[in-house]
Amino acid sequence: GYGTEAPPTPSPAQEVAFRLAVPALGKRPYLLFLSRLHEKKGIDLLVKAFARLAAEYPDLDLVIAGPGEPAMVVALNALITRTGLSHRVHMPGMIRGDAKWGALHGCEAFVLASHQENFGVVVAEALACGRPVLISDQVNICEEVSRAGAGIVDSDTVEGAERMIRGYLALPEAQRRAMAHAARRLFETAFDVTIAR
C-alpha cells in the first residue's frame, strides 16, 4: 500500500515560516501546487486556468512551490508574466520543514493537474493536512479521492483544471468544510502508513 506519515500538528511557527518564504503573498488566501516543476505536472494548465478565473476571485492567489530545472522555471515565469498575474502567482522555489507544512495546512486547496502521476506523496500529505485536493484523472489515487468526496477530479487539460478549481470555489463554505473533513478521513483510512495492512 502507498502512504505517508501524519504531518506535524499545525502551529503558528509553520504559518510564519511559509509566509516569510512567500512575502509577496501577504495574508491572502491561496491555492497550492507543491511538487517538482516538470512538464508532466501540468503546471502550465494551472496557470492558464487560474488566469481564466482570476478576475472573478480577486482575493485569491496561486502558489507554485518546488524545485525545477532553470529552463522550466524561466518558461513558467514567462507564462505567468504573459497572464498579467505576476502579483498573484508566486514561485518561491523549494520549501521545506515548517514552511512546507505551513503551506499545506494553510492553503484553500491543493492543486495538481498532472499528465501522469503514479501516486503523488504530496497529495497524500495534503489529505493528511485536511485539505481538499483538486487533481487530474491521471493521478493514480483519483478514484479514491472522488469516491471519498475528498476533492474534485477532472481531465488534465486547461478546461479540466478550470472546472475543478471553479467547482471548488463555487462550493458553499459548509461543503468546503465537509470536503476538508473527508480529505482527512481518507488519509486516515487509506494512506496513513502506520495503519496495519
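**Close-up 1. Helix α2 against helix α7.** In this predicted model, α2 (residues 43-53) and α7 (residues 158-169) pack at an angle of about 55°, their axes 8 Å apart. Axes are lines fitted to C-alpha atoms, for helices over the stretch in contact, and angles run from 0 to 180 degrees between N-to-C directions. Helices (H or I, at least four residues) and strands (E, at least two) are DSSP runs, numbered from the N terminus. The two helices α2 and α7 are therefore oblique to each other. Angles under 35 degrees count as roughly parallel, over 145 as roughly antiparallel, 65 to 115 as roughly perpendicular, and the rest as oblique. From α2, Leu45, Leu46, Lys48, Ala49, Arg52 and Leu53 take part. They meet Val158, Glu159, Ala161, Glu162, Met164, Ile165, Arg166 and Leu169 of α7. By class, this contact of α2 with α7 has 9 nonpolar, no polar and 5 charged residues. Ala, Val, Leu, Ile, Met, Phe, Trp, Tyr, Cys and Pro count as nonpolar, Asp, Glu, Lys and Arg as charged, and the others, Gly among them, as polar. Contact means heavy atoms within 4.5 Å.

Residues are numbered from 1 along each chain as its sequence is written, and side-chain values use heavy atoms, with hydrogens and water left out. Since the model is predicted, local features need pLDDT of at least 70 and side-chain atom pairs count only at pLDDT 80 or more, while totals for chains, interfaces and linings use all residues.

**Close-up 2. The open sheet.** Its 6 strands run in the order β3-β2-β1-β4-β5-β6, with parallel pairing. The edges are β3 (89-93) and β6 (151-154), each pairing on one side only. From one strand to the next, the twist averages 20°. Two strands pair if DSSP finds at least two bridges between them. Strands β4 (residues 109-112) and β5 (residues 133-136) pair in the parallel sense over 3 bridges. Opposite Phe110 stands Val133 of β5. Helix α7 lies across β1 (30-34), β4, β5 and β6. It runs at about 160° to β6.

**Close-up 3. Strand β1, covered on both faces.** Of the 5 residues of β1, 5 are buried, so the strand is largely enclosed by the rest of the structure. Buried means under 20% relative accessible area, exposed over 50%, and partly exposed in between (1.4 Å probe, protein chains only). Tyr30, Leu32 and Leu34 lie on one side, Leu31 and Phe33 on the other. The neighbouring pairing is with β2 (residues 61-65), parallel over 5 bridges. There, Tyr30 has Asp61 as its bridge partner.

**Close-up 4. Helix α1 crossing helix α4.** The axes of α1 (residues 12-21) and α4 (residues 97-106) come within 7 Å and cross at roughly 95°. The pair α1 and α4 is therefore roughly perpendicular. Ala13, Gln14, Glu15, Ala17, Phe18 and Ala21 of α1 meet Asp98, Ala99, Trp101, Gly102, Ala103 and His105 of α4. The residues of this contact of α1 with α4 divide into 7 nonpolar, 3 polar and 2 charged. In α4, 7 of the 10 residues are buried, so the helix is largely enclosed by the rest of the structure. Those buried are Ala99, Lys100, Trp101, Gly102, Ala103, Leu104 and His105. The buried residues of α4 pack against α1, β1, β4 and α5 (121-128).

Close-up 5. The axes of α5 and α8 come within 7 Å and cross at roughly 120°. That makes α5 oblique to α8. Ala124, Leu127 and Ala128 in α5 meet Ala183, Arg184, Leu186, Phe187 and Phe191 in α8. The tally for the contact of α5 with α8 is 7 nonpolar, no polar and 1 charged. Thr4 sits in the segment before α1. At 11% relative accessibility, Thr4 counts as buried. Not counting residues up to four places away in sequence, Thr4 touches Val121, Ala124, Glu125, Phe187, Phe191, Asp192 and Val193.

**Close-up 6. Ala182 in helix α8.** Ala182 is found in α8 (residues 173-191). Its relative accessible area is 4%, so Ala182 is buried. Leaving aside neighbours within four places in sequence, Ala182 is in contact with Ala148, Gly149 and Ala150. Ala182 and Cys107 are 75 residues apart in sequence and 16 Å apart in space, C-alpha to C-alpha.
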